[in-house]
Amino acid sequence: MTAELVGAPGGTAEVRAAQSAARTGLDPARWPDKLPVRDRLSVLLDPGSWVEDGLLANAGRDGLPADGVLTGVGRIDGRKVAVIAHDYTVKAGSWGELGCEKQVRILERADRDLLPVIYLVDSAGGRLNDQMGFFPGRRGASRIFHLQVRLSGRVPQICCLLGPSAAGGAYMPAFTDWVGMVRGNASMYLASPRIAEKVTGEVTTLEEMGGAEMHATVSGCGDEVFETDGEAIAAARLLVSYLPTSFREKPARTEACPPGPRDWPAGLVPTDPNTAYDVLDVIDRIVDADSFFEVKPRWATEMVTGLGRVDGEVVGIVANQPSVRSGAIFVDSADKAARFITLCDAFNIPIVFLQDVPGFMVGVAVERQGIIRHGAKMVTAMASAEVPRITVVLRKAYAAGYYAMCAPGFEPRATIALPTATIGTMSPEASVNAMYANRIAGIEDPAERAEFLARRVAEQEAEMNLLRMGSDLVVDAVVEPEDLRAELVRRFADAEGWERTPGRRHHNVSPV
């Protein structure tokens, strides 16, 4: 999410910037790339809400202020959150014995009190001259990671990666639910380029191996890239508004507002299944204005995931993107969807699936990458989710992609279709060519072959007719595009008061 996308149900990015300036006294237009740690807290938290622990840590030992990390509790829009903020001016924010103890203590409190945790990460990793303090013991780095995993899915964990996150410390962002990275400053890597060259002979740069752009577009470890600390922290603050305080609650409702675009131009979803279009144009017409917070928008872009509001209620959206690789599901897009679905299910966020999918990608390369295994992760996450799910078939819904995007057999609350929808094992043309390959090859006259193909395709199209799908209870309703939002509002209102299966065990948010 770039700065211009940091919108909110109550206003545009410009409005939120003005609010931030009024709240903090810091002008976002003049934010430097890198803020001092206490200015970072000012951008993140409500004024006067910060209560700090362990300020004098290490003062009597090595004279390191707070041992390079600030920990405590503050408020975001009145809601309590626990905070870990590394101070890059103190030994590059590195972890020593007391710094680890401070982080362990605040995470234990978050676990006890069920507080969301915000991480402002800017650390060179473990302090090697204090390795016996931070590395092997019960209260060292391993305890931090243990607590992060224990908190996963119980409370939101949000990370702003504002500088390095090196070596084992790179796992701190990896265990969180969202990672915003600052271009040129943020990095995440298990070994520096110098060490990599020593071990493997590989010559590379820090940016190439662990920079913000790489993680947001290639590895998927980063969710978005920002230009300054302030933009990343403002986005994290906004994200908190979409999430409940803990798994025991549901996200807060806000005042409903209509979508930005209220028209639905003819051809927005083309009839031709091979014509590309941008599914974000559909999402904009479903969600409340300026409310869509896209998650991992630069990674596996054939799949769109994000949080929005429908009539003031938070919903998750999982959508195929026909403008990128026809919206087919690849290894990374299956992982992207699986992770997002587990996030929504952990925090009681209903999900809308917008289907326009030709299926999972096929071929030697994806089979060797484990497309079946990764697809199974997505299907498992979708099938295990107990939050209300509604499926909308926008256009094509073919093969196992139809299943993975919450087909009727996986018990969505409803399956809704637009008039452009087609459901089947494959397109009519592909089906005919598969069924009649030998016969087609035996027809020598081109006109006769074309007539045979047209007749068989028409038969297949009749088999996949929407009236047939409704008659057989495959779809619950066929609605006109301009009525889709209203249909979703009614369906979600009907699902109010839903409850989980009694005795169902808690689950974390999968890091796949």
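Analyst: Counted by class, the residues that line the second largest cavity are six nonpolar, no polar and one charged; here Ala, Val, Leu, Ile, Met, Phe, Trp, Tyr, Cys and Pro count as nonpolar, Asp, Glu, Lys and Arg as charged, and the others, Gly among them, as polar. This is a predicted model, in which local features need a pLDDT of at least 70 and side-chain atom pairs count only at pLDDT 80 or more, while totals for chains, interfaces and linings use all residues. Residues are numbered from 1 along each chain as its sequence is written, and side-chain values use heavy atoms, with hydrogens and water left out.

A cavity is a set of points, on a 1 Å grid over the protein atoms alone, where a 1.4 Å probe fits but cannot get out, and its lining residues have an atom within 4 Å of a point. Three cavities of 30 Å³ or more are present in the structure, where a volume is the space filled by probe spheres set on the points, which are joined across faces, edges and corners.

The second largest cavity has about 40 Å³, and its lining consists of Asp177, Trp178, Leu239, Leu243, Val295, Leu307 and Leu343. The largest cavity holds about 60 Å³, and around it stand Asp177, Val295, Lys296, Thr305, Lys336, Arg339, Phe340, Leu343 and Val509. Its lining is made up of four nonpolar, one polar and four charged residues.

With four residues, helix H12 (residues 331–346) contributes the most to the lining of the largest cavity; helices (H or I, at least four residues) and strands (E, at least two) are DSSP runs, numbered from the N terminus. In the loop between H12 and strand E12 (351–357) sits Asn348, whose phi is near 60 degrees, a positive value in a residue other than glycine. Most residues other than glycine have a negative phi. Asn348 counts as buried because its relative accessibility is 7%, given that buried means under 20% relative accessible area, exposed over 50%, and partly exposed in between (1.4 Å probe, protein chains only).

H10 (residues 229–240) reaches 17 Å from its first C-alpha to its last, close to the 16 Å expected for its 12 residues, where the expected span is 1.5 Å times one less than the number of residues. Because 12 of its 12 residues are buried, H10 is largely enclosed by the rest of the structure.

Strand E10 (residues 303–310) runs antiparallel to E11, joined to it by eight bridges, and strands pair if DSSP finds at least two bridges between them. Met303 stands opposite Asn320 in this pairing, and the two strands form a hairpin with two residues between them, where Asp311 in the turn has a positive phi of about 60 degrees. E11 is also joined to E12 by four bridges, and these two run parallel, with Ile317 partnered by Val352 in E12.

Key. 1 Å grid on protein atoms, 1.4 Å probe; cavity = no way out; pocket = protein on both sides within 12 Å on 5 of 7 lines; lining within 4 Å.
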